[in-house]
Amino acid sequence: MLELATKPTWMQLRGSRDPAEAILSHFAVRSAPVPVHQLAAGLGVTVVAAKLAVTGVLDPTDAHDVRIHVNATDSAVRQRFTIAHELGHLMLHPLSVQYRDYITSSRGGLKERQANRFAVDLLMPEWLVRPAFRWLSGDLEQLADYFEVSKPAMEIRFQELYG
Ligand SMILES: [Zn+2]
């Protein structure tokens with residue numbers, strides 16, 4: 001029973017059918033930009049920014065001390081995407097290994113694509129993006145600023161929803 005009571009929030013939400021949506025719903029996120037640092041903290045995940053040779057690292061091997069390391073020399077929007085991507089690995093993939101990500105891992109295998117998919121759904125949920133596209137008349141630069149994502153990331157989302 002004690003084990004259940006002290007289960008970190010990420011572990012409770014991990015079995016959800018749509019974990020990105022489950023996180024947004026659990027923390028009552030209703031507007032952009034999605035507060036990804038606060039979400040990580042709320043899930044029970046420690047984010048550490050430091051100078052790294054890689055973009056991001058997730059170490060989920062100790063369930064009660066999960067850490068995401070992000071490269072402090074990356075731009076703020078890149079760090080936000082990296083945190084969301086690593087949360088994707090945490091919610092979707094085996095917890096027995098470390099995940100080390102380089103910028104080029106967007107071209108990696110299935111797990112990398114799934115983690116990127118999760119990051120897009122977390123940072124740019126369709127129900128926030130669609131109305132914002134209307135208010136901002138589809139101006140991708142303003143939309144990227146509003147969601148605190150990179151312009152290429154917003155372009156990909158735009159193509160998905162309207163392409
Ligand atoms: Zn990855």
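Student: Which residues have the most contacts inside the largest nonpolar core?
Tutor: Val 45, Leu 87, Leu 122, Met 124, Phe 147 and Met 154. That core has 43 residues. Keep in mind that this is a predicted model.

Student: Which element gives the largest share of this core?
Tutor: Helix α5, with 6 residues. In soluble globular proteins, nonpolar side chains tend to be buried together.

Student: Take Leu 87. What is it in contact with, leaving aside neighbours within four places in sequence?
Tutor: Val 36, Ala 40, Leu 43, Val 45, Ile 68, Phe 118 and Leu 122. Two of the names come back from the core list: Val 45 and Leu 122.

Student: Now the metal. What coordinates the zinc ion?
Tutor: His 85 and His 89 each give NE2.

Student: How are the donor residues spaced in sequence?
Tutor: As H-x3-H-x11-D-x10-E. His 89 is in helix α5, residues 76-92, and Glu 112 is in helix α6, residues 110-123. That pair links distant parts of the chain, 23 residues apart.

Student: Is His 89 buried or exposed?
Tutor: Buried, with a relative accessible area of 0%. Glu 112 is buried too, at 14%. Why does 14% count? Because buried means under 20%.

Student: Where is His 93?
Tutor: In the loop between α5 and β4, the latter being 99-101. His 93 is buried, with a relative accessible area of 4%.

Student: What is His 93 in contact with, leaving aside neighbours within four places in sequence?
Tutor: Arg 14, Gly 88, Tyr 99, Lys 111, Gln 114 and Ala 115.

Student: Changing topic. How many aromatic pairs does the count come to?
Tutor: 5. One of them is Phe 133 with Phe 158. Their ring centres are 5.1 Å apart and their planes are at 75°, so the pair is edge-to-face.

Student: Which helices does that pair tie together?
Tutor: Phe 133 lies in α7, residues 126-135, and Phe 158 in α9, residues 151-162. So the pair ties together parts 25 residues apart in sequence. Phe 133 counts as buried, at 5% relative accessibility. Phe 158 counts as partly exposed, at 26%.

Student: And how do the rings of Phe 133 and Tyr 162 sit?
Tutor: Their centres are 4.7 Å apart and their planes are at 85°. The pair is edge-to-face because that angle is over 60 degrees. This pair also links α7 and α9, with its residues 29 apart. Tyr 162 is partly exposed, with a relative accessible area of 37%. Ring pairs link Phe 133, Phe 158 and Tyr 162 into a cluster.

Student: What lies over the face of Tyr 162?
Tutor: Arg 130, at 5.1 Å from the ring centre.

Student: Which residues are buried in α7?
Tutor: Leu 128, Val 129, Pro 131, Ala 132 and Phe 133. What covers them includes α8, residues 140-147, and α9. After α7 comes Ser 137, whose phi is positive, near 50°.

Student: How many salt bridges does the structure hold?
Tutor: 8. Among them is Glu 148 with Arg 80, whose closest N and O atoms are 3.9 Å apart. Glu 148 lies in the loop between α8 and α9, and Arg 80 in helix α5, so the pair ties together parts 68 residues apart in sequence.

Student: Are those two buried or partly exposed?
Tutor: Glu 148 counts as partly exposed, at 35% relative accessibility. Arg 80 is buried, at 7%.

Student: What does Asp 121 form a salt bridge with?
Tutor: Arg 157, with the closest N and O atoms 3.8 Å apart. Asp 121 lies in α6 and Arg 157 in α9, so parts 36 residues apart in sequence are tied together. Arg 157 is buried, with a relative accessible area of 5%. Asp 121 counts as partly exposed, at 24%.

Student: How far apart are the closest N and O atoms of Arg 157 and Glu 160?
Tutor: 2.6 Å, and this pair is a salt bridge as well. Both residues lie in α9, 3 residues apart, about one turn of the helix. Glu 160 is partly exposed, at 37%.

Student: Which residues do shared partners join into one network?
Tutor: Arg 117, Asp 121, Arg 157 and Glu 160.

Note on methods: Residues are numbered from 1 along each chain as its sequence is written. This is a predicted model: local features need pLDDT of at least 70, side-chain atom pairs count only at pLDDT 80 or more; totals for chains, interfaces and linings use all residues. Side-chain values use heavy atoms; hydrogens and water are left out. Donors are N, O and S atoms within 2.8 Å of the metal (3.2 Å for Na, K and Ca); water is not among the atoms, so sites may look incomplete. Helices (H or I, at least four residues) and strands (E, at least two) are DSSP runs, numbered from the N terminus. Buried means under 20% relative accessible area, exposed over 50%, partly exposed in between (1.4 Å probe, protein chains only). A nonpolar core is a set of buried Ala, Val, Leu, Ile, Met, Phe, Trp, Tyr and Cys residues joined through side-chain atoms within 4.5 Å. Contact means heavy atoms within 4.5 Å. Rings of Phe, Tyr and Trp (its six-membered ring) pair if their centres lie within 6.5 Å; planes under 30 degrees apart count as stacked, over 60 as edge-to-face and the rest as tilted. A charge sits over a ring if NZ of Lys or CZ of Arg is within 6 Å of the ring centre and within 35 degrees of the ring normal. A salt bridge is a side-chain nitrogen of Lys or Arg within 4 Å of a carboxyl oxygen of Asp or Glu.
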